[in-house]
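Dear colleague,

A summary of the findings follows it.

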Amino acid sequence: MFLTITATGTPAGPATDLGFLLHKHPGKAQPFSTSYGTAHVVYPEATEERCTAALLLEVDPVALVRRGRGKGRGGAPDSALAQYVNDRPYAASSLLAVALGSVFSTAMKGQCKARPELPGRPLPLRVEIPSLPARGGPELVTRLFEPLGWTAGVRPVPLDATFPEWGDSRYVSLVLESDRLTVAETLRHLYVLLPVLDGAKHYWVSPDEVDKLLRAGEGWLSGHPEQRLITDRYLARRWSLTRRADERLETERQELLRLAQADDTEVEEIDNAVPAEAALADAAADAGVPVHADAVGAAVEDTTVEATAAGAGAEERPVPLARQRREAVLAALRERRAARVLDLGCGEGHLVRELLKDTRYSEVVGVDVSVRALAVASRRLRLERMGERQASRVRLLQGSLVYTDSRLKGYDAAVLSEVIEHLDLPRLPALEYAVFGSARPRTVVVTTPNAEYNVRWESLPAGHVRHGDHRFEWSREEFRAWADSVAARFGYDVEYRPVGPDDPEVGPPTQLALFTLCADTGGEKHAGRAGSRHESEDRKEAAA
């Protein structure tokens, strides 16, 4: 079985840049040993105008049977002959996907130390797979690849060209073309979708396959129209694993909605699938403009409205509310002399970056549920190029804030900036215990929109929240009632501060609560009692 990837040269660079991206020299034929045979990488052509890399996998049927132990197609115990005579050596399948992940692992991660500018650059690419099993037919192949930016040429392979009346086989010949995708994206698409079309894996599907799927599907799987079919087939229809993957993808979808109003950035940098209109709305949100479906078309005009509402001069550009929030958070952390800080729901890492600029912070940890957001944060922070001393001060962790996490214990301060309003209210107690009861930092800084201030934005219809993913927005009285309750239950003192212009009638656009752990231990005992139910739920989740 084999496939080819062809790049066409452009004014930005020759086609032979493909060799740098794949980390395989065009002038060499390179073999790689795998568990089921030998993979070969060769370049049939390598010029500045056109460069083709071919991956050929020679399958050892005996090794496949010995390692498969009767699992998967070609290893069925009901037919001894079928274990040795099957389509595995000839048709692209999960075997070829595993070879892709092994031979091109660095390329799939989007890394290229020799030419670090290359991995993020789209190339005119053409992928050819002569024989691909397609359960669902050519229509399904098109539905899987075209939403990802590919033009798919799918030709059914006849059962026997000599006898056309026999009809088509279940195999197709596939040609994919695109000038909008990177090599890393190409490899990740193939890594996931080849086994999906094959419909059977040659190895036992264990729980860690969920992590593999989500890593390879980062940035595209959660928004794919066939996401449920992809997860179901990739995980061999194991219901428990499919449910786990679906839950994590749904969480990531909700997180991307929150990141669509990320501070000081364009939406395309978070998720390339987000339409340009949303990016325009996000840019307006950076200046303090509320973002909602009806206001996208007027986003630019609303920036001026917000400047006026905030009391800024018509010719003076207002300080973005996002920046004012960060400055307020940083001021609170400095007052509390925090040295080890958690940024919970760190998104793209804007606050993490600001904290690293100040040497008083010896350790900064960014936590987010979205792998995609953490990848963007890593690139923004340039972690791979960071010096050893600076890199020792920062960590990025993937995790959900509604579950306890032992990694988050023992820190001086935690920040929840524009996070709580993205949770459903029934899940808020779980976050309260995870942060205030379990992690229990000495200081917690929480910011959230002030719903009363929404009337100052003319573009925001009455009764609407500032962003489509906000599950609630509290008035000052509601926020203080919640914060006072949390402080009393978990043994904290709390004070309140305005963020942004403090309107005498409706208050500031953002409200901040600064929690400080009490010196006595009574609150800790109460926190332990309040959290017993949440710990029990965490144990059930882990067992599941």
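This is a predicted model: local features need pLDDT of at least 70, side-chain atom pairs count only at pLDDT 80 or more; totals for chains, interfaces and linings use all residues.

**Helix packing and backbone geometry**

Residues are numbered from 1 along each chain as its sequence is written, and side-chain values use heavy atoms, with hydrogens and water left out.

Helix α5 spans residues 137–145 and helix α6 residues 183–198; their axes lie 11 Å apart, at an angle of about 160°. That makes α5 roughly antiparallel to α6. From α5, the residues L140, V141, L144 and F145 contribute to the contact, and from α6, L190, L193, V196 and L197. By class, this contact of α5 with α6 has eight nonpolar, no polar and no charged residues.

The terms are as follows:

- Helices (H or I, at least four residues) and strands (E, at least two) are DSSP runs, numbered from the N terminus.
- Axes are lines fitted to C-alpha atoms, for helices over the stretch in contact, with angles from 0 to 180 degrees between N-to-C directions.
- Angles under 35 degrees are roughly parallel, over 145 roughly antiparallel, 65 to 115 roughly perpendicular, and the rest oblique.
- Contact means heavy atoms within 4.5 Å.
- Ala, Val, Leu, Ile, Met, Phe, Trp, Tyr, Cys and Pro are nonpolar; Asp, Glu, Lys and Arg are charged; the others, Gly among them, are polar.

A second pair is formed by α16 (residues 428–439) and α17 (residues 476–490), whose axes come within 11 Å and cross at roughly 50°. That makes α16 oblique to α17, and their crossing is right-handed. In this contact, L428, E432, Y433, F436 and G437 of α16 meet W482, V486, R489 and F490 of α17. The classes here are six nonpolar, one polar and two charged residues.

Eleven of the twelve residues of α16 are buried, so α16 is largely enclosed by the rest of the structure (buried is under 20% relative accessible area, exposed over 50%, partly exposed in between, with a 1.4 Å probe and protein chains only). After α16 comes R440, with a positive phi near 55°.

H23, not a glycine, has a positive phi of about 60°. H23 sits in the loop between α1 (17–22) and β2 (30–34) and is partly exposed, at a relative accessible area of 34%.

Yours sincerely

Key. A crossing is left-handed if the near helix is turned anticlockwise from the far one by less than a right angle, and right-handed if clockwise.
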